[in-house]
Amino acid sequence: GATEIMFEGVPVWPDAGRFWKMIQDHRVTVFYTAPTAIRTLIKAGGDLPRKYNLKSLRILGTVGEPINPEAWMWYYNTVGDKRCPIVDTWWQTETSSHLITPLPGVHALKPGSCTMPLPGVMAAIVDETGRDVGKGKGGILVIKRPWPGIIRTIWGDPERFKKSYFPPEFKGKHYLAGDGASRDKDGYFRIIAKSEEIERDVSTLECPAILEQLKQAM
């Protein structure tokens, strides 16, 4: 079995050391949080984790949104003391479990990348017509084959389920994740943004994840 530690409130009250004190006092081994929380803690006190004993940590995790490379490096260097792998996970309520994530000790890590699909998960990046795009290019994240935890339907509305998750423009063959993503020359995935959040104008494609990084730096 496993013991989970939860608390009520926010990580910066009564001060920005709340997470680190809990890890120290309860000898937490796996710490899993959101990139927004990480960026908030950097601004609240970037060197604060060094004042606590975090040697019990074995693995660090991120969830819920893309993590920018700068926050990843701070998390790895300052919280993990350059020894704890960061498991940057991609999944959804509809997927029931992680689908794209590094396996500690198996995958080389890259800041800002959720690395590779788990064995048996056929993730791909396609264009608006469902055709695969080349490495180094952005597109729409899809899963090409079912997996054990896949969503089965929307209660009382199977047509909406098919239209939302297996859209006709993909001939009903691909699970539409709703995220924009890219893949580098090594095949590593990077989540860019929710596909409907990508802001376009005539000559540019601006990613909300990048815009968020700029706002956090201001």
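**Briefing: two packed helices in a predicted chain**

Helix α2 (residues 35–45) packs with helix α3 (residues 69–79) at an angle of about 70°, and their axes lie 10 Å apart. α2 is therefore roughly perpendicular to α3 (the label covers angles of 65 to 115 degrees). Axes here are lines fitted to C-alpha atoms over the stretch in contact, and angles run from 0 to 180 degrees between N-to-C directions. This is a predicted model: local features need pLDDT of at least 70, side-chain atom pairs count only at pLDDT 80 or more, and totals for chains, interfaces and linings use all residues. Residues are numbered from 1 along each chain as its sequence is written, and side-chain values use heavy atoms, without hydrogens or water.

**The α2–α3 contact**
- α2 contributes I38, R39, L41 and I42, while α3 contributes A71, W74 and Y75 (contact means heavy atoms within 4.5 Å).
- Six of these residues are nonpolar, none is polar and one is charged (Ala, Val, Leu, Ile, Met, Phe, Trp, Tyr, Cys and Pro count as nonpolar, Asp, Glu, Lys and Arg as charged, the others, Gly among them, as polar).

**Helix α1 and strand β1**
- Helix α1 (residues 18–26) has the buried residues R18, F19, W20, M22 and I23 (buried means under 20% relative accessible area, with a 1.4 Å probe and protein chains only).
- Those buried residues pack against β1 (30–33), α2 and α3.
- R27 follows α1 and has a positive phi, near 50°.
- T33 sits in strand β1.
- T33 is buried, at a relative accessible area of 9%.
- Beyond its neighbours within four places in sequence, T33 touches F19, I38, G61, T62, V63 and Y75.

**The whole chain**
- The chain holds five helices and nine strands (DSSP runs: helices are H or I with at least four residues, strands are E with at least two, numbered from the N terminus).
- From the N terminus, the order is α-β-α-β-α-β-β-β-α-β-β-β-β-α.
- Of the 218 residues, 40% are buried.
- Among contacts between residues at least 6 apart in sequence, 58% join residues at least 24 apart.
- The chain exposes about 12800 Å², and carbon and sulfur atoms supply 56% of that area (Shrake-Rupley method, 1.4 Å probe).

**Confidence**
- Mean pLDDT is 88, and 89% of residues reach 70 or more (pLDDT is the predictor's confidence in each residue, from 0 to 100).
- Residues 197–218 have pLDDT below 50, and this stretch has 26 contacts in the model beyond near neighbours in sequence.
- Where pLDDT is low, the predicted coordinates should not be read in detail.

Technical notes. Angles under 35 degrees count as roughly parallel, over 145 as roughly antiparallel, 65 to 115 as roughly perpendicular and the rest as oblique. Buried means under 20% relative accessible area, exposed over 50%, partly exposed in between (1.4 Å probe, protein chains only).
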